[in-house]
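Hi there,

Here is the structure I promised to pass on to you. Have a look at it first, and then read my notes below.

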Amino acid sequence: FAYSFPGRQGQLCMRHSLTVASLLVHSAVAFALLERTPSLQHVLQDVAQSSLRPAACPVVSSPRLARSQPTSSLLALSARVPERKFGRAPRDPRVEARSVRSVGIKMTSIESIPHDTLPKVIGHRGARGLAPENTLASIRTAKGLGCSWVEVDVMLTKDKVPVIHHDNTLDRCTNGRGNLWEYTIEQVEALDAGTHFNVSFAGERIPRLDALLECCRDLSLGLNLEVKHITVNAEHEPTPAEAEMEQELANVVCDTIERCKVTPDELVFSSFSRVCIAVLRRRLPHFRCAFLVEHVPADWAEFVEQHSCVSLNFNHAMASREQILECKERIPLFSYTVNDADRAVELLSWGVSGVFTDFPHVVESAIFKSLTQGRDAEVQDLPRETFIARERRLSDIVPPVVS
């Protein structure tokens with residue numbers, strides 16, 4: 001058609017024809033991409049229907065996470081919600097999961113964190129066998145022994161300050177007497193939490209939760225934070241008054257985690273208290289939470305499914321081999337407190353994902369040797385620090401799992 005016009009008119013007609021053809025091609029490509037990218041469709045639908053409320057939209061709070069996000073995705077998010085700091089999580093985890101998928105952002109969430117990010121050996125209350133438990137000295141000792149994750153316990157003082165301590169009473173680990181929650185934070189911080197272990201630790205204090213979080217971050221340590229039960233027996237159902245105290249503890253812990261801007265890859269919750277777990281999952285649904293048990297209860301599968309628990313943490317002395325083999329098919333298992341190196345190797349061979357121990361260096365050394373049996377003598381004779389690092393690089397080698 002364009003060639004039918006003479007001279008200048010034909011050239012202009014040809015140019016316009018090519019422009020129209022180019023626009024048609026680009027439109028076709030755009031529609032094809034839209035058809036192949038569901039997340040873009042969801043964005044358009046959400047904007048059109050105003051179905052995403054600001055409270056339900058995820059906000060990338062971690063600079064490390066933010067740097068990994070596509071610019072277009074961040075722009076799409078920032079155009080729809082105001083920038084804010086790490087705040088309270090949405091009440092319904094399903095709302096958050098839907099909004100994350102709808103904008104196509106790879107935000108850290110339970111779905112995006114592999115269950116096997118925890119190592120095979122976790123320092124119990126720091127390195128309880130070599131330093132006073134649940135103190136900053138114990139945390140630093142665990143780091144010095146090669147730990148990448150530690151476990152500690154958190155409780156509330158009389159004036160509602162979360163501190164790191166295991167027992168309800170102060171008698172065993174300090175020079176105080178009576179229940180911890182009967183002491184103010186000023187009184188708790190005046191106690192000696194080190195001399196009971198060894199005089200060389202005299203003056204060691206019970207740390208606040210925020211100080212513990214800062215210490216772990218400075219040392220690049222992951223944290224398993226056990227939110228304590230109030231009942232004397234971990235398996236007893238709490239009274240209404242005890243349940244109220246556990247609920248208050250869990251809420252204060254969540255407030256501290258938010259205020260300190262802790263990210264989900266830095267911390268895993270655990271608790272014996274079903275009350276605490278319910279609060280943690282409601283307040284911080286994007287953080288992992290493990291269900292702690294002494295004996296494996298009959299309704300464990302129903303409970304972990306209902307609350308999206310990522311692991312079952314059990315007392316190795318209270319579980320049979322048959323129970324372990326059955327449970328591991330349905331959920332990752334972690335076992336406490338395993339101080340016998342041969343027992344740790346046995347549990348891992350049964351399919352347990354990891355163990356909590358007071359002597360992480362001893363257990364980790366035994367595990368490495370079990371992993372490298374039959375290999376050359378050079379590997380067997382490596383110094384402990386070297387083969388611990390080497391073991392972490394041999395992530396493809398696992399103990400033979402008994403079926």
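**A helix and its surroundings**

Asp340 caps the N-terminal end of H13, with one of its side-chain oxygens 3.1 Å from the backbone nitrogen of Asp342. Please keep in mind that this is a predicted model.

Helix H13 itself covers residues 341-349. Which of its residues are buried? They are Ala341, Arg343, Ala344, Leu347, Leu348 and Ser349. After H13 comes Gly351, and its phi is positive, near 110°.

**A phenylalanine in another helix**

Now find Phe303, which sits in helix H11 (residues 300-306). Is Phe303 buried or exposed? Phe303 counts as buried because its relative accessibility is 6%, and the cut-off for buried is under 20%. Setting aside neighbours within four places in sequence, Phe303 is in contact with Arg274, Ile277, Phe291 and Cys309. Take Phe291 from that list: 12 residues separate Phe291 from Phe303 in sequence, and their C-alpha atoms are 8.6 Å apart in space.

**The whole chain**

If you zoom out, you can trace 16 helices and nine strands. The chain has 403 residues, and 49% of them count as buried. Among contacts with a separation of 6 or more, 58% are between residues 24 or more positions apart.

Enjoy exploring, and write back with any questions!

Best wishes

Technical notes
Residues numbered from 1 in each chain as written. Predicted model: local features only at pLDDT ≥ 70, side-chain atom pairs only at ≥ 80, totals over all residues. Heavy atoms only, no water. Helix = DSSP H or I, 4+ residues; strand = E, 2+ residues; numbered from the N terminus. Buried < 20%, exposed > 50% of the residue type's maximum accessible area, 1.4 Å probe, protein only. Contact = heavy atoms within 4.5 Å. Polar contact = N/O pair within 3.5 Å; in protein donor to acceptor, adjacent residues only side chain to side chain.
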